[in-house]
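Please read it alongside the sequence and the coordinates.

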Amino acid sequence: MSTQESTAPTTTGARAPRPRAARSRAAREKAPRISVIGTGYLGATHAVAMSTLGFEVMGVDTDRSKVDALALGKVPFYEPGLDELLAEQLESGRLTFTADLSRAAGWADVHFVCVGTPQRRTSHAADLRYVEAAVSGVAQHLTHDALIVGKSTVPVGTAARLRGMIQPLVRPGLDVELVWNPEFLREGKAVHDTLHPDRIVVGGASQPAEQLLRRVYAQPLSEGTPFVAADLPTAELVKVSANAFLATKISFINAIAGVCDKAGADVTVLADALGHDTRIGRQFLDAGLGFGGGCLPKDIRALMHRARELGADRAASLMQEVDEINMAQRERVIAMALEACGGSVLNRRVAVLGAAFKPRTDDVRDSPALNVAAALHLRGAQVSVYDPVAGDPARRTYPTLAYATSVDECVEDADVVLVLTEWDDFLRSDPAELASRTATPRIIDARGRLDPVTWRAAGWEFTGLGRAAA
Ligand code: UGA
């Protein structure tokens, strides 16, 4: 097994010249067959994208229902554009799905590991059992030389441990290499981000492995996507650090929103002004209910845990603060709803607009919106929730809440309306029309997207986070 690593991290442009020998070898080789292990958000999108790039691809999952759905052209989650692309790729004959990992191991040359690494139930650490099962499963069933490419988000040090773990499992005589290639796709923009990534990071690759991955990613590289070759721990850490930075940026603006509330300032105007500084940038400076989802919260906690294990206490403390600020935003919105209803929501009608952790997804994992809705329900409120796409997943998570089928139905006779996910449908609502449906036109904009002047002019009592001046 090859364990050669490029030690010094280097960044090379898309059209960096390759050594002649490596080039001619690559040219001789046939297009690699690709397996994608794990067909959740990351894996399903990656499998479809690889097929779109012209490769033969086999998607693998232990969950038969997912495999069957995908094979029939049904994406088991909401992701704009993925359904159409999946249908197209199934039609092309290049893309298949199986629940049989040994079949994929014997068939493909490059195996992308895309399984989940959720937070453990009993600690902040990442649960690595799915990654371990996928990597060892593929390793033991390999029948020819192969490249195993980890894409899942893992704590630093995992890949080196996995290398040790698979060594005794691989059939003697086979050349098998394990590298890490983190994924940075955003839900709701997964197709675009996979086909046109803003960087490709590969950790721990030998020269032939790097060559092979450059062939796999030839299309985005030809568009100018930077290729960052790193060692294994750096590649693992790039991903976690990217999410940690985004989370920090959100908690930063939410902390400043708290100052704005005390000082009578408007955080949305402040964020726009900050954003004009290209060193800061406007993205991820939307103050409000804070971050949720299946990535940012669990990734900052896993980093906290791993940093403590490694004795990097400052990073752990920083992440702890980021997490605390974030969770406090949920408490703040709950308190605002109580205040709006005169100190108690008992038997008051609360309309919650939004259930997904962000717009353009039906993902309700660690959704701030649903957390707030459930907390108000617990305090005796009659909570009605509406989300354009996440109604069903939300109902499965919190079956005791009531779910409306439209904005109008949701706000009917409401004592207070909460905007908790910034879906366009909500932002486009006619304030005057909506006001007439409520018991009291009172709105809490927890995503900072509504114009207070317009809503107040339509008769609403309007509050937001960090918008004391607005
Ligand atoms: C995040 C990262 O953005 C991706 O780069 C990464 O690949 C992915 O995690 C992952 O690890 O798989 P995602 O979870 O889809 O992507 O969501 P984001 O778009 O990052 O949003 C996260 C949360 O932050 C949402 O709840 C959103 O409402 C919140 N947010 C975002 C704010 O509260 N304020 C902002 O200004 C921006």
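The structure, which is a predicted model, holds 1 cavity of 30 Å³ or more. Of the 13 residues lining the largest cavity, those closest to its centre are Val154, Pro155, Val240, Ala302 and Leu303. The volume of the largest cavity is about 100 Å³.

**The cavity and its lining**

- Helix 13, which spans 296-310, provides the largest share of the lining of the largest cavity, namely 5 residues.
- Helix 11 and helix 13 each supply at least two residues of the lining of the largest cavity.
- Sorted by class, the lining of the largest cavity comprises 8 nonpolar, 2 polar and 3 charged residues.
- Both domain 1 and domain 2 take part in the lining of the largest cavity, with at least three residues drawn from each.

**Domains**

- The domain assignment of the protein chain gives domain 1 as 30-230 and domain 2 as 245-464, and in the contact 18 residues come from domain 1 and 17 residues from domain 2.
- Between the C-alpha centres of domain 1 and domain 2 there is a distance of 33 Å.

**Helix 12**

- In helix 12, which runs over residues 267-275, the buried residues are Val267, Thr268, Ala271 and Gly275; viewed down the helix axis, the buried residues of helix 12 fall within an arc of 100°, and therefore they line one face of the helix.
- The packing partner of the buried residues of helix 12 is helix 11, which covers 232-263.

**Two buried glycines in loops**

- Gly293 sits in the loop between helix 12 and helix 13, and it counts as buried because its relative accessibility is 6%, the cut-off for buried being under 20%.
- When residues up to four places away in sequence are not counted, Gly293 touches Phe357, Arg365 and Asp366.
- Gly354 is located in the loop between strand 10 (349-353) and helix 15 (368-378), and with a relative accessibility of 0% Gly354 counts as buried.
- Once its neighbours within four places in sequence are left aside, Gly354 is in contact with Ala369, Val385, Tyr386, Asp387, Leu420, Thr421 and Phe426.
- Gly354 and Glu223 are 131 residues apart along the chain, and their C-alpha atoms are separated by 37 Å.

- Arg360, which lies in the loop between strand 10 and helix 15, has a phi near 65°, a positive value in a residue other than glycine.
- Arg360 counts as partly exposed because its relative accessibility is 36%, partly exposed being the range between under 20% for buried and over 50% for exposed.
- Asp413 is placed in the loop between helix 17 (407-411) and strand 13 (416-419), and its phi is near 60°, again a positive value in a residue other than glycine.
- The relative accessible area of Asp413 is 46%, so Asp413 is partly exposed.

**Two further partly exposed residues**

- Ala160 belongs to helix 7, residues 158-166, and at 48% relative accessibility Ala160 counts as partly exposed.
- Although Ala160 and Pro233 are 73 residues apart along the chain, a distance of 8.0 Å separates their C-alpha atoms.
- Asp430 is found in the loop between helix 18 (424-427) and helix 19 (431-435), and at 44% relative accessibility Asp430 counts as partly exposed.
- Asp430 and Phe291, which are 139 residues apart in sequence, are 27 Å apart in space, C-alpha to C-alpha.

How values were computed. Residues numbered from 1 in each chain as written. Predicted model: local features only at pLDDT ≥ 70, side-chain atom pairs only at ≥ 80, totals over all residues. Heavy atoms only, no water. Buried < 20%, exposed > 50% of the residue type's maximum accessible area, 1.4 Å probe, protein only. Helix = DSSP H or I, 4+ residues; strand = E, 2+ residues; numbered from the N terminus. Arc of directions from axis to C-beta. Contact = heavy atoms within 4.5 Å. 1 Å grid on protein atoms, 1.4 Å probe; cavity = no way out; pocket = protein on both sides within 12 Å on 5 of 7 lines; lining within 4 Å. Points joined across faces, edges and corners; volume = space filled by probe spheres on them. Nonpolar A, V, L, I, M, F, W, Y, C, P; charged D, E, K, R; others polar. Domains from an automatic or database assignment.
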